Amino acid sequence: MQRIGVFVCHCGTNIAATVDVKAVAEALSHEAGVVISQDYPYMCSGSGQDLVKASIKEHNLTGVVICSCSPRMHENTFRKAAASVGLNPYLVEIANIREQCSWIHKEIADATEKAIILGRAAIAKVHLNAPLIAGESPVVKRALVIGGGIAGIQTALDIAEAGFDVDIVEKEPTIGGKMAQIDKTFPTLDCAACILTPKMVEASQNEKIHIHSFSEVTDVKGFVGNFTATIKKKARYVDELKCTGCGACVEKCPMKKVPNEFNLGLDNRHAVYIPFAQAVPKVATIDPNYCLMLKNGKCGVCSKVCTAGAIDYKQEDRFIEEKYGAIVVATGYNPIKLDKYDEFAYSQCPDVVTSLELERLMNAAGPNGGTLLRPSDKTHPHKIVFIQCVGSRCDDSKGKPYCSKICCMYTAKHAMLIREKYPDTEVYVFYIDVRTPGKNFDEFYRRAVEQYNVHYIKGMVGKVTPKADGKIDVQASDLLANEQLHIDADMVVLAAAIEPDKTARPLATMLTTQMDTNDFFTEAHPKLRPVESATAGIFLSGACQGPKDIPETVAQASAAASKAIGLLVKNSITCNPCVAHSDELMCNGCSSCEKVCPYGAITYQDKEFRMPDRTTAIRRVASVNPAVCQGCGACTVACPSGAMDLNGFSNSQIMAEVDAICK
Amino acid sequence: MLKIALDKIDSLFSAVAEKQTLYIPADRADGASEYKKYENGMKMSSNLNTLRSAKDFFFPQTENLVDFKMEGKNIEVIDIREESEDFVVFGVRACDARSFTILDKVFLSDPVDSYYKNRRDHGTIVTMACSKPAETCFCGVFGIDATEPEGDASCWNDGESLFIKANNEKGQAFIDSVSSLLQDGDTAKLDETKAKTKEILSKLPLANLSTDSFGGDKLNELFRSEKWAELSESCLGCGTCTFVCPTCQCYDIKDFNTGNGIKRFRCWDSCMYSDFTKMAHGNPRLTQVERFRQRFMHKLVYFPANNNGEFGCVGCGRCLSKCPVSMNIVKVMKALEVK
Amino acid sequence: MQVNENKEFEPLIVAFCCNWCSYAGADLSGTNRLNYPTNVKIIRVPCSCRVNPMFILRAFQRGADGVILCGCHPGDCHYTSGNYFTRRRMTLLFSMLDYLGIERDRTRVEWVSAAEGAKFAATMNEFTEAVKKLGPNRRLEDLRCKKQ
Amino acid sequence: MQEAMISRAKQLLADGAVNRVIGWKKGEFAYDITPAIFESAEELDAEFVYDDFTSANVSKYLVKETKKDGKILAFLKPCDTYSFNQLVKEHRINRDNVYVIGIQSDGKLDAEKIKSKGISGILGVKRNGENLEIETLYGQETMPVAEAMSTKCLNCKSKKHVAYDELIGEDGEVTASDRFDMVEKLENMTAQERYDFWRNELSKCIRCNACRNVCPACTCEKCVFDNPASGIENKAPADSFEENMFHIIRAFHVAGRCTDCGECSRVCPQNIPIHLLNRKFIKDINSFYGEYQAGADTTSKAPLNDYKQDDCEASIVHERGVE
């Protein structure tokens, strides 16, 4: 038999002025199960709480209803009070008779009547409340960072700084990502390598950071504080531990005609290679698609010249499994493929390049050792046309609907650098509009226009046509002057839109995190939780969440790190006990609940059941992971059999409230 | 025998309807027929039988038994029984007429079901002989003569007139109440009609169905028969057969919380339902095989065992045409028959 | 639902409010003393997607004259996607009720953020008026639940 | 057809490819066909039937059958394959334990429709072109086939088999059907007219649960209406509300999952057009969220387990058409 205590708060005059609190207490005292019902000026005050505690002990109450202000205000206060005298905190219900009654109604009679009804509803609910115990789940004190670009590196450094082990998984042979390919950075024009490579080295030397280069995450299981990831270490046919990175193998490798992806195929590398001089780890990798030894067993030069004996043609992909408490996604971005943009002759003409290719062409470590030459005839270009928003802000299916954000600035940078180095070179920029929000950004852009006389022309380029004489005819419209232009350019540079890395989508599935229609990871809240994914324990760093420049990326990387650290410092996480649970006897295993769960908290298992006909059968049933479930209840409605229910807001509890209100 | 010309039948109905509520079989938009409260001008259905049986008038699908009022912590019990008014159900077929013999055995034997008795006391059943039996009819199998229906009063139709005869006081009272409209008539043509009908009855596809293999004394072998598993395989476990059946009489008693009191009501239950006779310990019949067996064992074995040989079926054929998967008592009887 | 000869018909309105936006919005209209009729009784749910059509029918069965469902604005759901499911479920449910001839103005979904105290009050006033116009719920009531 | 089916079934049994066959079994009359499981060539020869009255959809039986050991051969008509797919999609049928033969269907007949024409004492029914030759206790009768056609076949949505291991007979196409006409007609009525229409229909309901128990989408381990803990359990329509409640919730629970196989209306002893409730949901889903056919595949996300950020608001219901 229930023994319920009702406590009506005056809240000074806040409630008492419009609600006859004595009448409410009196009326509710007649409700079934109520053994004590009293009122008090300030129920939340120390003495008010003592009153509640005393009554709980005196009448050894099985449930408590507080008629007071909003539960959002003092639910916790009274739950704590109840707990302090040994009553399960979840046996306390609040009837909101202030915000939702006394403050909005004037007629005492009406307000009092409503207060009584709200009290009844709370009593009806508390009758069905079950004592809930918040579960705990341990936290593995190790983080996984997926992606070794500047975002991943920064996150890893910060987490390691806080004293936790971090694994970086990078699919390329070296960390560094896009930033390593960039020549200079806006708006300061300092050299990217000079600021990035020290961080790469720092990461490699930090004993808390473990870099898995040339590796991929192939599977992730588990949940916040307790993930298990499988990492595939792709065979590089070189023993990482033995290789000293001396480069002898690279020099001697007879296979010299391999397109160099680090330079975006603008020059060649050997079949055995180290992506660039400051690569981390500085370890050679053999490209099985070109290595003569691996292809037809003839050659073996590299192993002969390797004094460290690091070459291992027999090496195979290795899989390692590791446990993590937190996972940070930093998979970054790529420029989109431009094959759909024939009007810009990208695929036909070698002198039409993307901005990233231009970075390499201008980079001292690039194919031309830093002198800007046309890829076609290695001559010095005198007229360069930049085309903005190639594939950005498109409403057609060809491109992306969003603004890639960084193009305006890097184009200004390119234009400026070229004008600086080659004053005889004319630079034209065709733009829809120039977007320069950010510290010192607009000043930077104006410098390009005012000091460096870059010709900014508002208008889109209609067609780019390579001519017989090697020139490139750029046909465009000047929207301001309202005239058609033809420019005889030597080079054309396309500001290609950026998109999330292709590995992001499958990864999102593995992590049960959400993605938007453009495959950018969705943050838990667009304003308030920008670096967390909706899935607990998964954090977002850098351009995988949306287009970003370097400063923003680094800022978000550190933010993600601090969120991860906030999780890793805990020995265990207390779970919200108001979570869903499924009644296995009624579960159909139909997967509806799983489909609507935003947290991937629901999994299925085949269990053996004793069937009515006294046989045993295997049935597929859902089980909810209380550590992951956030208690929204979406699954409870998706479930046709009603097997799924929600602690604290069960079907019967809510219907009891409905009944009480409609009584 | 007393008779009234068919074209005058409306006057008969309205005369009855003036004194008490009269129900006659009327056609429905979908071609089926059902008992409707008579209103002037209403035509009697020409269908052989109604979709739902006449049972519903005496044993409705749901009825309130008692109310409980709750004030705070007190409970008050309210008896809501009241004497029902007199009414007439007209045009009941021989099979349905016999069903009352069966229902009475259940509800009027001690302890008497006062709710049922109340309606039986106030209800007059006027039956109508069949002239056009359907392929699904097998009342003959249970010794029912479709041309000689039971009931308080019985009617025949020879194509021109409606003949009527009382079988008891109640029936006599009914006839007296309309005697002014009736006159004596010669039954020569009627006897022809009966003869014709009898001939058709003898040719019905199910005319030779035999009950020899059934009855109280066959309990063990029938209960243990291996055939139940296969027979019940297709059964969906719905209650269609039960709810269209004129003799099924199982019910459940439930409390409904209205929010300001409790209504204790009873409603038809079906032995085909998974929660039939569910008790604190659970359910005595765990699988559809057992539930399916229960229904037919009850009609063909348990009932006769307790009611000196009377079977719990009247062969109206409703379940034959209504079962979603056409699994029915006839198929069961044929399958279990020992040749 | 109360009908009283000398008093005009006072509908009973059940409002399901999600804990994070709408319930907070309701609190805010209280804090700002923005009146709405006592007819409205609020039930707190974690998310609008917790509201089962069963609850809505139950309310009508027990004598509610109108049922309104309030949640976070699309895109702002505390649980990221809850109210999107709510939107589909309720659109279909309301459409079905309408199909069965039950007055469509007895049901509503409204997105109210924690900051929209004014909107909450306004919505409730408006909805109560609309239901008042319709009169007592007859088409979806359970006669057994009528107050004697 | 029937001969081909029997011989193929016998062959598969003989090969040991399957150890049971689910199909249909002859009855007492021309029309009272019962779904049945056959385990031997003898049984097949003796009782297996596939004719104008084999309209029962056997896919639901596979929920139970595919949990048993061994493999079962199922004969599925085009419409049945949609139900089958949906059940596979919802993990109710173990696909590995069933061998599906898709069979051609030219539409099935409904004995109730023949009887409703006043034809009684039916002994035999034969198709003769556009007409039915019906032999009765009271002499020969004829009627147009179309008028005896089962409602669910009258506006058939597809003659295409969406799941099968092999086919017997022709595979058809998705048919441009007029199945939403009646729904539209109702939508265009006034609220009062709609209310009266449905009151008249639903008040006939005797809660025999035939619609639910035959429905291939209603395979819950325990239905909320049978479960006292659900708070809405009830055994009989004790009040008009409960008549509405049962049919609304049932339709809602199968919304986006109902393949429109039409079994619910076929089996209703009271001839309530239950399918018009399910079809309303299907029509709404199509118009609000894009064309969707439940059971057409085993992968697509069910409309109610899915969403788009720019879905229409519920107010669309209040803004449209007739009040």
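This is a predicted model: local features need pLDDT of at least 70, side-chain atom pairs count only at pLDDT 80 or more; totals for chains, interfaces and linings use all residues.
Q: Which residues touch the most other members of the largest nonpolar core?
A: Cys67(A), Ala143(A), Val328(A), Phe386(A) and Val492(A), out of 455 residues in that core. A nonpolar core is a set of buried Ala, Val, Leu, Ile, Met, Phe, Trp, Tyr and Cys residues joined through C-beta atoms within 7 Å. H5(A) gives the most to this core, 10 residues.

Q: Where is Val126(A)?
A: In helix H5 of chain A, residues 108-126. Helices are DSSP runs (H or I, at least four residues), numbered from the N terminus.

Q: Is Val126(A) buried or exposed?
A: Val126(A) is buried, because 27 other C-beta atoms lie within 10 Å. The cut-offs: buried is 20 or more such atoms within 10 Å, exposed is 12 or fewer, partly exposed is in between, with C-beta atoms placed from the backbone.

Q: What is Val126(A) in contact with, beyond four places in sequence?
A: Ile4(A), Gly63(A), Val65(A), Leu91(A) and Glu93(A). Contact means C-beta atoms, placed from the backbone, within 7 Å.

Q: How far apart are Val126(A) and Tyr90(A)?
A: 9.0 Å in space, C-alpha to C-alpha, and 36 residues in sequence.

Q: Back to Phe386(A). What does Phe386(A) touch?
A: Not counting residues up to four places away, its partners include Thr411(A), His414(A), Tyr428(A) and Phe430(A).

Conventions
Residues are numbered from 1 along each chain as its sequence is written. Chains are lettered from A and ligands numbered from 1 in the order in which they are written. Helices (H or I, at least four residues) and strands (E, at least two) are DSSP runs, numbered from the N terminus. Two residues are in contact if their C-beta atoms, placed from the backbone, lie within 7 Å.
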